[in-house]
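Work through the exercises below with the sequence and the coordinates at hand, and try each task before reading its solution.

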Amino acid sequence: MRPKKEPGKNGEIEDLKRRLAEAEETLRAIQQGEVDALVVNTGKEEQVFTLQGADLAYRIVMEQMNEGVMTLSIDGIILYCNRQFADLTHIRLEKVISSNIFNYIEPQAQDTLRRIMEQNGHSEMALVAADSSTVPVYLSTTRLAINEMTIICAVVTDLTELKMKDQIISLKDEFIGMVSHELRTPLTVIMGAIYTVMAPRVPKADKRKLLKDALASTEELTNIVENLLELSRAQSNRLDIIREVIDMRQAAGEVVRKLSKRTDKRRLIVEMTGLPKLTADLLRIKRILYNLAENAIKYSPGGGDITVFARAAHDEIVVGIRDHGMGMSPQEQAKLFRPFERLNRSPEIKGIGLGLLVAERLVQAHGGRIWVESAPGKGSTFYFTVPL
């Protein structure tokens, strides 16, 4: 007995064969670049996806990335890049495309770039922007063969923030080490003086000298702590200027008398006459004068006069502190107001490199300016202004 024929099944099989053949033909056409669109049944309706649409989606994804993305020819011509990479170079996107990647790489890193372009690789290097500034980046490359043509995909990650964090950590470590050393020195003098004074049969004259040394070290310690506190207030925007009517000559005189007790080699002189009264924070003005005059003492190891002078000019008072010490080159002057910067690392010159930075912050808080005029071997004059 013959099995019963099921006519519906033959039709389903034929339909399935037809669909498979269409699928195979579509795949072949895609592989050979013969089609520029696909029809996809989503279950509800059929949708058309063109290759142009796929390229648009790719570009949108690239533009949303935080990294710079490029496609390069094997000789470095930028065939495509996203806006993030153009922003790193400070050049308009349309000008970056068709230029050469080597135009934006420091000369010393170009051999490294050639090496990682020849084979998939990655390396840290620096981009050179249009304004000649450099940007630390991590650049990785992948070689692709498309339609018998080799292109290179490159991803560029900006390392500026990471490098800044590393620099901050390094500065913090340097700061802790420096402060620890500078705090330990006066504390050692104070403790040694007190222990010696408390010992029996110490002559009265020796006790007096030891206590004088302890007092000088206490003032030194207080100055370090005050500068740290002022810098902390400035950095956290908590530097409140309490203004009152003050006499600049009187403020300078008090600072000079205080510092004169700490030096025998140098004579501190105040030259101020006919100055108008001004409205400013008296304690902060004294701090500025103290830091600048103390700096002049430190960097005048051979002695000589240190003069604090001032003059009224239009709507401000210009104050100067002149010494006859080492002086500075233009390159050294450019580093003056950096945190923890000390131009001379000699052990005889104490300090943690905050005095000038704090003076700058306090002058700026008053709405004034600060600068230096100097030359090697000819001394230095620091100026600052206070608006009337």
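Contact here means heavy atoms within 4.5 Å. The model is predicted, so to speak of local features pLDDT of at least 70 is needed, while side-chain atom pairs count only at pLDDT 80 or more and totals for chains, interfaces and linings use all residues. Residues are numbered from 1 along each chain as its sequence is written, and side-chain values use heavy atoms, with hydrogens and water left out.

**Exercise 1.** Determine the strand order of the open sheet and its edge strands.

Solution. Take helices (H or I, at least four residues) and strands (E, at least two) as DSSP runs, numbered from the N terminus, and count two strands as paired if DSSP finds at least two bridges between them. The 5 strands then follow the order S9-S11-S12-S14-S13, with mixed pairing. At the edges lie S9 (268–271) and S13 (370–374), each of which pairs on one side only. S13 is joined to S14 (residues 380–387) by 5 bridges, the two running antiparallel, and Ile-370 stands opposite Phe-384 in S14.

**Exercise 2.** Identify the residues that touch the most other members of the largest nonpolar core.

Solution. A nonpolar core is a set of buried (under 20% relative accessible area, 1.4 Å probe, protein chains only) Ala, Val, Leu, Ile, Met, Phe, Trp, Tyr and Cys residues joined through side-chain atoms within 4.5 Å. Of its 43 residues, Leu-289, Leu-292, Val-319, Ile-321 and Phe-384 touch the most other members. Helix H9 (residues 282–298) supplies the largest share, 8 residues. Beyond its neighbours within four places in sequence, Ile-321 is in contact with residues including Leu-289, Leu-292, Val-308 and Phe-384.

How values were computed. Buried means under 20% relative accessible area, exposed over 50%, partly exposed in between (1.4 Å probe, protein chains only).
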